[in-house]
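Subject: Structure handover

Hello,

Here is the structure for you to look through. Please open it first, then read my notes below.

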Amino acid sequence: MVTETLAHVGVRPRAALDWYASYRRAVWLSDTLIVTGVVFLTQYIWFTLTGEPVSRPVDDIGPVTYTWLSVTLIVAWLGSLAISGSRSSRFVGLGTGEYRKVIAAAVYLFATLAIVSYLTSTPVSRGYLLVAFPLGTVLLLISRALWRRRLWASRRSGGAMARVLVIGDDQESARIIAELSRTPEAGYRVVGVSGPGTRSDFTAAGVNVPFLGPVEDVDRMLAMTGADTVIVASDAALSVEKVRAISWQLEAGRQHLVMVPKLTDIGGPRMHMRPVAGLPLVHVETPRYTGRQRFVKRAFDVAGSGALLVVLAPVFLVLALLVKASSSGPVFYRQERIGQEGRPFGMFKFRSMIPNADDMLQKLLDEQGAGDKPLFKIENDPRITPIGRILRKHSLDEFPQLINVFKGDMSLVGPRPQRKEEVAFYDSAAERRLIVKPGMSGLWQVSGRSALSWDEALRLDLYYVENWTLLGDVSILFRTFKAVLAPGETAH
């Protein structure tokens, strides 16, 4: 029985190699090389350009030279990265927590160095520090992003995964399996299910895993499946004593217990654990946009769209000439879309369709049976011009929306603006898309584009609306640039 179960889930009886240990060592090595290289290179270049000795004394007195200061700075920076938990298994691979901690480590170290310099009246070269910290931080972020992509590739092929035993009823177990299988980059592979019933297996979202029966002996289940993580669903009907007993059976440091509340699509910054009299209370903040958040997002939009309009001006000219030469009609296409709080605005695009395309829309929707859905999609749309297909595949037709962003109608990142006919199908949940300004790009555009259904797109849009962060916008924009250059098969 044990051998059959192990063969069924594709794991060995012995625990797998600890992928995290080797991954952490590799990231530590790259961090060390980057910090060391940046600090010493900055010291050499800065003082060479200013015509001073590369290893001159700090403040021109005492035995402490800038070489010793660089060594101290390197050790302190690496220590700050370690203390911040930037290489913790809880953050690597998914989310922005890892990047935030890398940035925080540099900011706190720079602030500490500035305070020490002020209190000891030791004027350290400001140019040396103002070059080393930003450059080092950017290179560390790039390095972490590259390591993350390598980790994702490994996880998509089945490697570097935590093996998970799910404890819950059928419905909740199916939900957990579906969510984890949808995002293999998160690093969780369900290898066993426990709960009520006597079935021999369990299938959800196309994933088949062995059903191990009622929760009686977690040790036996972990040994059978090679699992190193136990996920307990919110409605697993387990007593406090049973959950505590399960936690006692896990090997500290190698096996983990995860509790899944009935809260979905809520970002980490909104959730806070507050232990009160032995009760682990999860406080969930109500999504809101403060004046500071609105100002930061608007400033980011103005600066970003303004810079892109200047840089992309030659590209605009070339695209305009291509559109004009490809078919009759205007270069730009202006259509009314629904923006923040339901306000209509005129959205600009490079024309990618024949002049009378709007008149044909309803007929095509009816022919394809898509006229009653809040996401108008036409398969093999005959209205698109040959040059329009290229523009759409690479999202080049969207470039004029930078004007909308600069004007304030749109944002660089946000839910895509829709027609009023599409908005008419909104329910109360979908109406929450209108809390923020619509965006040129959004979370669902970089997560599947045309391949996503309306329900999947809506779920991603609502997650963005309720969990907005500036760092999240930056991450989406980087993924957008990649999608423009390499659009893939889901772009139409």
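Start with Glu341. Glu341 is exposed, with a relative accessible area of 57%. Here, exposed means over 50% relative accessible area, buried means under 20%, and partly exposed lies in between (1.4 Å probe, protein chains only). Glu341 sits in the loop between S9 and S10. Its phi is positive, about 60 degrees, although Glu341 is not a glycine. Most residues other than glycine have a negative phi.

Before you go on, note how this was made. The model is predicted, so local features need pLDDT of at least 70, side-chain atom pairs count only at pLDDT 80 or more, and totals for chains, interfaces and linings use all residues. Residues are numbered from 1 along each chain as its sequence is written, and side-chain values use heavy atoms, with hydrogens and water left out. Helices (H or I, at least four residues) and strands (E, at least two) are DSSP runs, numbered from the N terminus.

Ser395 also has a positive phi of about 60 degrees, and it is not a glycine. Ser395 lies in the loop between helix H12 (386–393) and helix H13 (401–407). Is Ser395 buried or exposed? Ser395 is buried, with a relative accessible area of 19%.

**The sheet**

Four strands form an open sheet in the order S2-S1-S5-S6, with parallel pairing. Two strands pair if DSSP finds at least two bridges between them. Strand S2 (188–194) and S6 are at the edges with a single partner strand each, so one side of each has no neighbour in the sheet. Direction ignored, neighbouring strands are turned by 30 degrees against each other on average.

Now look at S5 (residues 229–233). Five of its five residues are buried, so S5 is largely enclosed by the rest of the structure. In a regular strand the side chains alternate between the two faces of the sheet. Thr229, Ile231 and Ala233 are buried on one side of S5, and Val230 and Val232 are buried on the other.

S5 pairs with strand S1 (residues 162–167) in the parallel sense over four bridges. Val166 stands opposite Ile231 there. Five bridges join S5 to strand S6 (residues 256–260), also in parallel. Thr229 faces His256 in S6, and Val230 stands opposite Leu257 in S6.

**Two helices**

Helix H3 (residues 66–83) packs against helix H5 (residues 126–156) at about 35 degrees, with the axes 13 Å apart. Axes are lines fitted to C-alpha atoms, for helices over the stretch in contact, and angles run from 0 to 180 degrees between N-to-C directions. Contact means heavy atoms within 4.5 Å. Among the residues that meet are Leu73 and Trp77 in H3, and Phe133 and Leu140 in H5.

**Aromatic rings**

How many aromatic pairs does a search of the whole structure find? It finds eleven. Rings of Phe, Tyr and Trp (its six-membered ring) pair if their centres lie within 6.5 Å; planes under 30 degrees apart count as stacked, over 60 as edge-to-face and the rest as tilted. The ring centres of Phe332 and Phe350 are 5.2 Å apart and the planes are at 20 degrees, so this pair is stacked. Phe332 is in strand S9 (residues 332–338) and Phe350 is in strand S10 (residues 344–350), 18 residues apart. Phe332 is partly exposed at 41% relative accessible area, whereas Phe350 is buried at 1%. Trp19, Tyr20, Tyr23 and Trp147 form one aromatic cluster.

Best wishes
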